[in-house]
Amino acid sequence: MKYRDYDIEHFITDEFFIQWVVNPNENNTHFWEKWLEQHPEKRLVVNDAANFIRSINYSIRPELPDKIYVDIYENILKSEQRNIIRQTENVSRGFFYLFPIRSIAATLLLIFCLWIQFESINYQRPVQQEMPLITMVKKSNPIGRKSVIELPDGSKIHLNSESELEFPSVFSDTLRWVSLKGEAFFEVKKEARPFYVASESNGIHVLGTTFNVNQSDNGSLYVALVTGKVRVESELGKQVELEPKEMLVLQKNGSFYKTGFDPMDILAWKDKILVFKSSDLVEVKSKLEKWYGIKVEYSGNFDKNWTYSGTYEDEILENVLKGICLTSGMEFTIEEDKVTINNPK
Amino acid sequence: MINNPKPPRPENNVISLLSHSESIKIFENKSDEEIWKAFDKGDEFAFNYIYRIYVVKMFQYGCQFAKDHSLIQDCIQNIFIDLRRKRGGLSTVVSIKAYLFKILYREIIRKQNKNKIVGQQSFEISEEGFSIEYSHETKLINDESMERKRELVMMALEKLSQRQRQAILLMYEEGMSYKEISVAMEFSEVKSARKVIYRALASLKDLLHEKAPYLK
């Protein structure tokens, strides 16, 4: 039967016609438009047939939540990682055991599983014994302590207090990566292997650059770029590239914006410079507590509008307190790790 | 190493599901057969592509005949774990969607049977599965006689068997060919898929010929 003899029941059972209605492409659209030009008397029946086809739908349209969508993907890859552990456990202990899977962010897992997989392909059976013994190195700072860490590739990382950095003792041939909680300043050695920072929910791709990453307590991520280039990708697949002197603020709800930043504000901590910039009582307290790992209490009456500005380079607590109190007429006492600031007025 | 060529550039080892979308660029114009072959050879981009394109569709399809969402998710996960394990020896697939729908259907039935095994007769898909929504484009719905016709068609569709509704939805909602429907529903011949569709639509024939009043 020719198309010109078709009635509605023929159209709605014709694959080529259905394809045009459901998945139109250049090919079928061209054909059916031309055909309709030559057979205008068929327009009505074609219209009816197309309407019928379009009217038939699933009555249930559930959505697969993004989280589940990602979880399934991870689980698929993770299950292979488990297999690899089983296969290699006699040969290489350590790496797989020490790696605290659950604490690492989603993005990192994806990378990591693939990494293992590719590595295992490289070192497949005949040479399995040569699989290098890679362990994870974990560095963490308690409140009041900062440190400088050198990575296996020569990159230098300033790790702030209350922060944690984790990285493999040897980087693979193809990728350098670290996992960060808290705040760190990176001086990444320039080389061909990309550098990757995994934070709780975001990944940062880097090629030879210096930048600051701060996963703050309020759930936001701050990435401030000094030199080079970085790309930040959020859990939801958004990507943002930064130019030097730009800072990306990625909020917990996934929204983000770029802004400039004052290097003194953002970067001074790594040079052991404590900065107060019109800081109010609350900010002074929290900065001192975090910097020196102490508790600060106020006693007496304070002016609500009081603010303090000043910078201290690698200074001991006592001198900082002296400086603050000198300009404001306050007094302080230090008992072990507790500081009391008193306003006698 | 033989079966698993590394992707061209080193940083491509990082195939995140989230970052965009090298895999889409590579495969969007390839045939299903080529994509499947690449997946079989261990190409991670091919896997990534297949996952991106089909997992949401599989989930939606599963929901048409199973109510337990976490069971459907488990099944999808197991299917891919299994397929990845068998890479290197996978058979040729001409329509990835039809093939994945077939094994998803099987896996869900198998899982449900397993769960019900304690003291129960074997699980069967309830007649409520593959329920069809029949709705015209909104501008026509206000027309009373159109609405009446819509209700009649809806009633006729509800009287169809579950298998018939499944085939109809695969055809009109998923846009599958008869060949693909016969794969997804495990008919041995394409002919059977045609038969199911024809028989289902036969009951609608009179209704379809009834001209809408606005055309008269």
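How many nonpolar, polar and charged residues does the lining of the largest pocket have? In this predicted model, where local features need pLDDT of at least 70 and side-chain atom pairs count only at pLDDT 80 or more, totals for chains, interfaces and linings use all residues. Residues are numbered from 1 along each chain as its sequence is written, chains are lettered from A and ligands numbered from 1 in the order in which they are written, and side-chain values use heavy atoms, with hydrogens and water left out.

The lining has twelve nonpolar, eleven polar and eleven charged residues. Here Ala, Val, Leu, Ile, Met, Phe, Trp, Tyr, Cys and Pro count as nonpolar, Asp, Glu, Lys and Arg as charged, and the others, Gly among them, as polar. A pocket is an open set of points on a 1 Å grid over the protein atoms alone, where a 1.4 Å probe fits, with protein on both sides within 12 Å along at least five of seven lines; lining residues have an atom within 4 Å of a point. The largest pocket is lined by 34 residues, and nearest its centre lie Asn160(A), Glu183(A), Asn214(A), Lys287(A) and Lys290(A). Two or more lining residues come from each of strand 9 (203-215), helix 8, strand 14 and helix 9 (281-292) of chain A. These elements are DSSP runs numbered from the N terminus: helices are H or I with at least four residues, strands E with at least two.

Lys270(A) sits in the loop between helix 8 (263-267) and strand 14 (273-279) of chain A. Leaving aside residues up to four places away in sequence, Lys270(A) touches His158(A) and Phe185(A), where contact means heavy atoms within 4.5 Å.

Now to a helix pair in chain B. Helix 2 (residues 32-40) and helix 3 (residues 44-63) of chain B pack at about 125 degrees, with their axes 8 Å apart. Axes are lines fitted to C-alpha atoms, for helices over the stretch in contact, and angles run from 0 to 180 degrees between N-to-C directions. The two helices of chain B are therefore oblique to each other, since angles under 35 degrees count as roughly parallel, over 145 as roughly antiparallel, 65 to 115 as roughly perpendicular and the rest as oblique. Their contact has nine nonpolar residues, no polar ones and one charged.
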